[in-house]
Structures are given as structure tokens and as C-alpha cells.
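Work through the exercises below with the sequence and structure at hand. Try each task before reading its solution.

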Amino acid sequence: MSCVNTLISPASGPAVSQLVSTGVVTLDQLLGGDGYPDRSAILVVGPPGIGKEALGYWFMRSGLVQGDYCLYATHRPVSDVLRDMKGVGIESDRVPDWIASTGAPVKCDLRDPTAISFNIKDAVHKNRGRRVRVATDVLSPLLVLNPLEPMYSYWSQLVADLKQQDSVLLALAEDGMHPPNVLTTMEQLFDGVVEMRLYEEGLAITPLFRVKKMLGLPPLHGYFRFSVTNTGMEVLPRVR
Amino acid sequence: MSGDPTYIINDASSIAQIVILVLGVYRALVMRRGFVDATYRSRALWSAFLMLVIAVTNAQFFFSFPNDVLGTVLGFAPFIAIIIVSFAFVDRSMLVAVRSDFFHRNPLHWLQLRIPASVVLVGSAALIFAAVTVSAQLANSGPGTNAPIWADLSYYQFFVVVVLILGYAAIGLIVAARRTPDKTLRRSIRLLGLALGSFVVSIVLSTIIPGDAGSILGDVFTLLATYVLYLSAMSLTTLGRVEKDAQAASR
């Protein structure tokens, strides 16, 4: 299956958007074809440890296999991320470019949001003409460390700049760290929002996946089961 | 089981604790399956272990062990297990707190001290185990034989080691909890501290207050600690509720 495919609208016939593989076959299918819309920004929301990063790693992996330019901007050390990648079955034979707290040529300093934005845009602009994938976990730290209003403008500007190019931005957000209004505000900026969470039903606790919105798709009601193992990730319809 | 009200309260308290703890073990293990990150999975697993060990300790009150060396050692083992597993759970919680801190700060140099501390704790536990075994052997060999002095001293060293290490870890947890921006994790760590504190209070009260009053007060605090520990395990992660409208629309 090609990484980039064309979504054909049955009504109009012509191509309306290109799709970029998520790196997870079952999620690509769920998103109506082959993944995230091109020139889009996707927000992944969920509590710590649930597998948001794994979604980012598979997105990166898929891009590296397809020859896309991939950039991972993280507030963690590169060594930690590589260890996590190995934990979900991704070998470090091909790795993205890094902006990280340590172990990367470009440092990620959470106290300097302007530098983070500049470095991301600089790396992306240097790869003009290629498809670009950016995954980042700095959204939550920046939202906690800075007031909402300037952060709204900051992310609005960053998303708009990246979408000038053939790129997809995947941002990971920790929902337990922000008041609901902060996340709701940020969700407005993104073309797609997916939520990963453990859901409680009686005594049972189930990891479920929800697509709250996605550019080019009608609302996807309902929940989907997901599982992450060291051989990959799978998203399946929820059976009740 | 006796008709004495104190015994009935003791037994009822133990049964209630076992039920709460077994439920907590189940939920912690189910939550563990939902985690992808190894650090969070490990924390959920040790949380389940701790509740299991406390449940087993409570359950052993319903069985009478033989008054020989094996019986004495078996009766003492759950107490040691609670201390070791508590340390492991506290350690995992600390690692999770460090990980969720954006600047990955090292609370009270815990990352350097955790391995030496665990070695000292396990060594100290092995020593007291040896002391209990030797004392039980001597007691069974006939009257007039006293335990060697090192066995007596090993009891004191164990309590000093436990208080120092768990006390240091508890302070480290408070520091780490203050640095984590995740409110669910903060709540979980705070509840863990409260649960451990309640266990200590229950041990102190049941030891220093003589008679039924001490026993009943001890039970109250143990029950409180058990329930708070259960709440702490429930706060291992944020739990969502499936929205009925989205569920209906999906059909």
C-alpha cells in the first residue's frame, strides 16, 4: 500500500485531498482510506503511558520507510525515545532528525518556545520539495509553562506555517495536565483530533480510541479498541 | 472465631480489607494491560503486588500456623514482603513522577540512591529473617536458651533501616509529586503517602494502646489505609466514561 494515496470523492470525482499513512494499517482504514490528510495538523490526546508516543513512533517509522523527511521534536532525551521505540518494536536502524533535550544536534529548551518553533520551521523549510512529517510532545509542556493566549497564537502560527508545505504535524497532548477549556481551545487549531484513553464500564477497564474530528471525514461516532504490542499497533471496532 | 465483640470487629475488618484489596488487585492488573509505557505498566504491577501482599497478610489471621520454626517463618514472611513491595511501589511511583516532570528532575538524588537503598533493604530483611529463624529454632529446642545478641540487634537494625529508607522515599515522593503537572498522578502519589502513613499509625496505635481499644483503633486505621490504597490504585491513570450518545450513534 502506498504511503500517499488520493482520496476520491464519489460525488465529485476529482481528488480532494492526499492522505499520509499513519503507520498503522487498521487506523489508515478507519480514517477512510490511507491515513491523515496531507497539509494537516493532528492532535493526539490522552493520559501518560497510554500509547500516544507509540502512535507518533509508527507515524515516523512509516515516513522513514517511504523516504519522507521526518522530524521528532521532544522535551525528552533522544536515548529515552529510542528505548521507547524499541519497546514498541521499532528498531533504530532508521531514525528521524531530532530536536531534543539531550543527545540531539538541535537542543529543545522548554524555556525558549521561540527557538523550538524556529528550529522546527527551519528544518522543514530546508526540506522543501519533500513530504515532511513532524511529531512533537512539546505542546503540553509549553501549555503548562506559558499563558494560554500567547500559546494559542504560537501554535496557530506554527501550524499555519507548516501547512504551507507538503507536511503533516502530529502533536501529542497530556489531557491530565490541562483544564478542559485549554484542550478544547487547542483542538480548534487542529484539523484532526484523536483521543486515547482507558474507559471504565462497571468493573471492566478498556483502552479505547476515538476520532473526535478529522479533516475530510464525516464525524466518526463511537469508540474503537486499540492495542500496542512489540510487533505493532492495531485499532479495531469495539464490540459491545 | 470467638463471640467476643473485639474478635468479631477484627474479623469483619479483615474480611472488608481483603474484599477491597482483591478488587484493587484486579483493577490494577486490568489497568496495567492498558498501559503501553513500561514504567507505567511496572507501577501498576507493583501496586497490584502490594495490595495482594496486604490481602495475604490479612488472610493469614484466619489460619493458625504451627508453633515450630516453619510456622514462625511463614507467619513473619508477609510483614517482610509488605516492606519490600512497598519500597518497589514507591520506587516505581518515583520513576513515573520523574518521567512526567517536563524537566526530568531527580528528586533528592533518588535515581542514584535507589539501587544502594534496595540492596541495603533486602540485606537487612535477609538478616532479620535469619534472626527470626535462629530464634525460633532456639525457642523450640527447650527452655532456658536465649537468642544470640546479633539476633536481637538485627531487629533494631531492620526497623532503623525501614524507617530511614521508607521515610526518605516518602519525602522524595512528596517532592516528586509537587513537580508533576499531571493531576491524576499527583492525586495517586498523595493517596499512596496517606495510605502508608495510615499503616504506620495503625501499627503504632495497636502497639502502644493496650487492650481492645488499641486493637480496634488499629483496625480502623488499617481499614482506612486499605481503602486509600485502593483509591490510589484507581488513580494510576485517568479513567473516562463512554458517552452513551456516541455509543448510540455508532450503532
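**Exercise 1.** Find the strand of chain B that pairs with E10(A), and state the sense.

*Solution.* Strands (E, at least two residues) and helices (H or I, at least four) are DSSP runs, numbered from the N terminus. Two strands pair if DSSP finds at least two bridges between them. E10(A) pairs with strand E1 (residues 239-240) of chain B. The sense is parallel, over two bridges. Tyr199(A) has Gly240(B) in E1(B) as its bridge partner.

The model is predicted: local features need pLDDT of at least 70, side-chain atom pairs count only at pLDDT 80 or more, and totals for chains, interfaces and linings use all residues. Residues are numbered from 1 along each chain as its sequence is written, while chains are lettered from A and ligands numbered from 1 in the order in which they are written.

**Exercise 2.** Describe the side of chain A that touches chain B by element and by class.

*Solution.* Start with the count. Chain A gives 27 residues to the contact and chain B gives 25; two residues are in contact if their C-beta atoms, placed from the backbone, lie within 7 Å. Next, the elements. Helix H5 (139-145), strand E10 (192-201) and strand E11 (204-214) of chain A each give two or more residues to this side. E10(A) supplies the largest share, five residues. Last, the classes. There are 15 nonpolar, seven polar and five charged residues. Here Ala, Val, Leu, Ile, Met, Phe, Trp, Tyr, Cys and Pro count as nonpolar, Asp, Glu, Lys and Arg as charged, and the others, Gly among them, as polar.

**Exercise 3.** Is Pro207(A) buried or exposed, and why?

*Solution.* Locate the residue: Pro207(A) lies in strand E11 of chain A. Apply the cut-offs: buried means 20 or more other C-beta atoms within 10 Å of its own, exposed 12 or fewer, partly exposed in between, with C-beta atoms placed from the backbone. Pro207(A) is buried because it has 23 C-beta neighbours inside 10 Å. Beyond four places in sequence, its contacts include Ile50(A), Phe226(A) and Gly34(B).
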